[in-house]
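Work through the exercises below with the sequence and the model at hand. Try each task before reading its solution.

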Amino acid sequence: MYEISEAAALSGLTVRALRHYDAIGVLQPATRSDAGYRLYGNDDIEALRRIRRYQGFGFSLDEIGELLAAKGSNRLKALRNQRDAVRRRASDTAQTVRAINQEITMENNGEKEPTDRLGRARGLYREYHDRSKSEPVPSLSPLLGEALDLLRPLTGTKSMDPDAVKLAALIHHCRNDNANLADLCQRFLDQDPNPDDRAFAAINLVNALTFLKRHEDAVATHRARIEHVLQNRPTTEWADTMDISSTGWSWIATDRRDEWVRLFRTVNAGVAPTAENRASRYELCHTAIMMMGGDYRKYVDDIVELTGRMAEIIAEDPDWSERRWAEQRFEQQKVGNAVRSGDPEAVTDAVDVYRSFLEQCDWPDEFVATAYSNLGAIMHWESRDEVAVECFVRAQQDGELDGYGYAWFASASLGNGAPRERVTELLAEAGRRLESADAMRIFNEDSLLSADADKEDLLNALLEPC
């Protein structure tokens, strides 16, 4: 046993502090001597050291008293909540510092109003987005470059502006600039942002690494992201950790599909379902089916079960705001399951059901168009080009196709024996909506276009608008 002066020295506190803790009931000594002196045991010393640490974390003495009496799981929950609160305050402080720095810059330059770099960059991006509906995308690229120039002082510092980082990431994505996207997200993660910003950066980093074919790095980053959330975040957030569909390429490329499935089962078993994470739970099922579908025979039972789970999630709430999107994905998923089963008749039946479903939907034309475009892409990849062309024609009637849609439409038309003029016309439409790098990648990856005897003419038709 230790007297109060010894206990104070061992715990790094003052005698006065120990007496105060005793008086208010935060920590009373294990016993007293015959003469009435306070005596502290080893458990008391450990508790005193914990009090000192918790005070440094910003807990009040009343809160510390409750924490000392709480179960370990409750203490852990309180610590995580406190950490998140501190991060939010740090983020607010960082924003204030940035605002002050902006004011200093304004004073140094003799300006009356601060330069709103982020606002101007947003305006340029909105202009790019609006004009891209009617003008060739490549000719609008300088707008994105100018926006990045405006954002550079906000994203190249030791205290990066989260909103500027998010806009810069979106612009890098539009430019298919995955190298700079990966660098941006890694630097932002190194600053230990708040949980929401951390999730954004991690997801974009993993996707960028995947597209750069840095598959080992992508898998390592994604696995670390999953494990961090499992250890540090509420179970209601777990579903989001694996909702990165393109990352599957890296897990498969590194022969780690089974490892991904094992992680999925851990995550899925622990997800706490809520109305707020319904969309994430639904997308998690869809992502898992896509991953397992590459080894359909091995995982067929899981795929059937997860498809049923998607239906159950849709049925949880008839007024779910995402219900239209979920129903469309569900019907599309059944087509994908039929494709993976290898049964041609099952594919035909599933496509017929899907098209019947779309015809009966009271949905906006552009939503139906997107659904038909997706179905057309699936059919094209399965070499059912006659059906693919029908779907793309319907998509074109109901709403505007994007550059990828027109490229697949052109390839499907080529495979279906369309006149050469029709194919080049569609390729030109694709090129008008695509950056040259994207156009080249699509062309080289498409087995029909890249293998055509007159592929140079086709490529010129695609690239000329670029």
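The model is predicted: local features need pLDDT of at least 70, side-chain atom pairs count only at pLDDT 80 or more, and totals for chains, interfaces and linings use all residues. Residues are numbered from 1 along each chain as its sequence is written, and side-chain values use heavy atoms, with hydrogens and water left out.

**Exercise 1.** Find the buried residues of helix α24 and state what they pack against.

Solution. Helices are DSSP runs of H or I with at least four residues, strands are runs of E with at least two, and both are numbered from the N terminus. Buried means under 20% relative accessible area, with a 1.4 Å probe and protein chains only.
- Step 1: in α24 (residues 455-463), L458, L459, A461 and L462 are buried.
- Step 2: these residues lie on the same side of α24, because the arc they cover around the axis is only 160°. The arc is taken from the directions from the helix axis to the C-beta atoms.
- Step 3: an α-helix has 3.6 residues a turn, so residues three or four places apart point the same way.
- Step 4: the packing partners are α20 (403-415), α21 (420-433), α22 (436-445) and α23 (447-451), where contact means heavy atoms within 4.5 Å.

**Exercise 2.** Check the length of α20 and describe its burial and its start.

Solution. 
- Step 1: the expected span is 1.5 Å times one less than the number of residues.
- Step 2: 10 of the 13 residues of α20 are buried, among them Y406, F409 and L414.
- Step 3: the cover over these buried residues includes α18 (365-381), α19 (385-398) and α24.
- Step 4: at the start of α20, a side-chain oxygen of D402 comes to within 3.3 Å of the backbone nitrogen of Y404.
- Step 5: G417, with a positive phi near 80°, follows α20.

**Exercise 3.** Give the strand order of the three-stranded sheet and name its edge strands.

Solution. 
- Step 1: the order in this open sheet is β1-β3-β2, with antiparallel pairing. Two strands pair if DSSP finds at least two bridges between them.
- Step 2: β1 (2-3) and β2 (31-32) each have a single partner strand, so they stand at the edges.
- Step 3: two bridges join β1 to β3 (residues 38-40), and E3 has L39 as its bridge partner in β3.

**Exercise 4.** Which side chain makes a polar contact with D302?

Solution. 
- Step 1: D302 is part of helix α15 (residues 296-315).
- Step 2: its side chain makes a polar contact of 3.0 Å with that of R265. Such a contact is a pair of N or O atoms within 3.5 Å; within protein, one must be able to donate a hydrogen and the other to accept it, and residues adjacent in sequence count only if both atoms are side-chain atoms.
- Step 3: leaving aside neighbours within four places in sequence, D302 is in contact with R265 and M292.

Methods. Buried < 20%, exposed > 50% of the residue type's maximum accessible area, 1.4 Å probe, protein only.
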